[in-house]
Amino acid sequence: MREDEEQSKGPLSYHYEQYDKSRRREHGYRRALGFTVLGTIIPGSGLVIAGRRRIGWAIVVLTALAAAFLGYLLLLRRDTVLHWAVQPGALVVIGMVLPVLALAWVCVIVATYRSLLPRGVATFQRVMGYGLVAVLALVTVVPLGVGGHYALVQKDVVQNVFASSHSRSATAPKNVSVKDPWAGKRRVNIALLGGDGGPDRVGVRTDTVIIASIDTHTGNTVLFSLPRNLEKIPFPKGSVLADAYPNGIFDGKGNRLEWMLTAVYRNVPEQFPGLLKSDNPGADAVKLAAGGATGLNIDYYVLVNLEGFRELVDALGGITVNVNSKIPMGGESSAGLKPGGWILPGPNKHLDGFHALWFARARYGADDYARMRRQRCTVKAIVDQADPVKLLTRYEALAKTAKDIVLTDIPQSLLPAVVDLSLKVKKADVSNVAFTNELIRSAHPDYGFIHNRVKEALRESESGTAVKQAADDLDSACAYKGRT
């Protein structure tokens, strides 16, 4: 009967109705695509438009609440977000929630498209529509999936690098309150060590020793750089090493290199095995030596092995530094061995990990103080050039490198407090005091002078005045001084 009625309307009327239906299908198809995109940006809105109002509004409200909570965290509670980033339990939750959220979002996108898609659309249009859905799903899944993966990678880093409750240290503070670890503690002193170990070296030598003394109230920090060739180091009175060595001094017969600060990490545990009850007795020995040299009580250490430093620079895509003199790659003056190559002088030289390592560690034809300056410039280059985008895109490689090259006795439980302290340091004044040959004689140092200079620098830092006899300003020290 309906077919007869349609035919009775005549050919013109029939074709017009078919055209009108086709046009409405086309309009409905474009409408479905547009509102599917909108439903991706504002999950649930497409379902409301499709008539599935109850579930649609429920999703819109949940999305709004989630967005408001995220905005609140980012704008007002960034410290909480940073705390989560260093807490394994929170990272596991984030690593599980983000993929689930991504899956739920994809389900909403697919449901929105299917609810809006008109009947009778052509096959190629249906395929194109699902192609759009796939793209939208990919755009939402990838960031959330990567975020969840990075959270689990970060958890692995925290658990592998930082000390657990089962870790042993002979020098780290005991019974520290997690809620307020700096209670009654004006300063935290951290030894920053650069270990020059590798397949061509026997053991690890700490060629870089810098003590970061941080004011826990203001974040003002003084960095004390000690030369690797510092001799006759007194261990703190009352320490097990002060009792073990004659007169409490790291000194003895034989090669003087084996009685310098650089040799403490390797030699003390060999000379007195088992004396320091620790997972890393070498680091504890260096902490005690640095404490005796400066008069400070060293709370924690962070050791970066320079052999792995090469991998770190490569993971960053290289670094750019100013090279003011020819830098030898290899060579040993005492043995008459010439360098195998040179890094030539020039401004803004881009170095890969191999060359950056030589730039930092080369000593042929140069004194230790020039080497210390180059190491500080290398660290500055890494900090300056490690922008957020680069860190994000290369995070997994950097995280893997960190696990291989970083050791520390800072406990995992204190990381939220350390994060808060680091935020203070970022906004505070940081001064450098390098005990170079302009201040001391490394073979016969006046430790009374060093202790007094440390105390004076800390008083100056706490009062907000400029620290006198500070090390070269890094911007000046690392600038190119040759002809361009």
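How many helices and strands does the chain have? The model is predicted, and its chain has 18 helices and twelve strands.

**Chain as a whole**
- Of the 484 residues of the chain, 44% count as buried.
- The chain has an accessible surface of about 25,700 Å², and carbon and sulfur atoms account for 60% of that area.
- Among contacts between residues at least 6 apart in sequence, 72% join residues at least 24 apart.

**Helix pair α6 and α7**
- Helix α6 spans residues 88-116 and helix α7 spans residues 123-161; their axes lie 7 Å apart at an angle of about 175°.
- Angles over 145 degrees count as roughly antiparallel, and α6 and α7 are therefore roughly antiparallel to each other.
- The contact of α6 with α7 has 22 nonpolar, eight polar and three charged residues.

**Aromatic rings**
- The structure holds seven aromatic pairs.
- The ring centres of F235 and F250 are 6.3 Å apart with the planes at 75°, so this pair is edge-to-face.
- F235 sits in the loop between β4 and α8, and F250 in strand β5, 15 residues apart.
- Both F235 and F250 are buried.
- Y245 and F272 also form an edge-to-face pair, because their planes are at 70°, with ring centres 4.9 Å apart.
- Y245 is in the loop between α8 and β5, whereas F272 is in the loop between α9 and α10, 27 residues apart.
- Y245 counts as buried at 5% relative accessibility, while F272 is partly exposed at 29%.
- Ring pairs link F235, Y245, F250, W259 and F272 into a cluster.

Key:
Residues numbered from 1 in each chain as written. Predicted model: local features only at pLDDT ≥ 70, side-chain atom pairs only at ≥ 80, totals over all residues. Heavy atoms only, no water. Helix = DSSP H or I, 4+ residues; strand = E, 2+ residues; numbered from the N terminus. Buried < 20%, exposed > 50% of the residue type's maximum accessible area, 1.4 Å probe, protein only. Contact = heavy atoms within 4.5 Å. Areas by Shrake-Rupley, 256 points an atom, 1.4 Å probe, with all protein chains shown as cover. Axes fitted to C-alpha atoms, helices over the stretch in contact; angles between N-to-C directions. Parallel < 35°, antiparallel > 145°, perpendicular 65-115°, else oblique. Nonpolar A, V, L, I, M, F, W, Y, C, P; charged D, E, K, R; others polar. Phe/Tyr/Trp six-rings, centres within 6.5 Å; stacked < 30°, edge-to-face > 60°.
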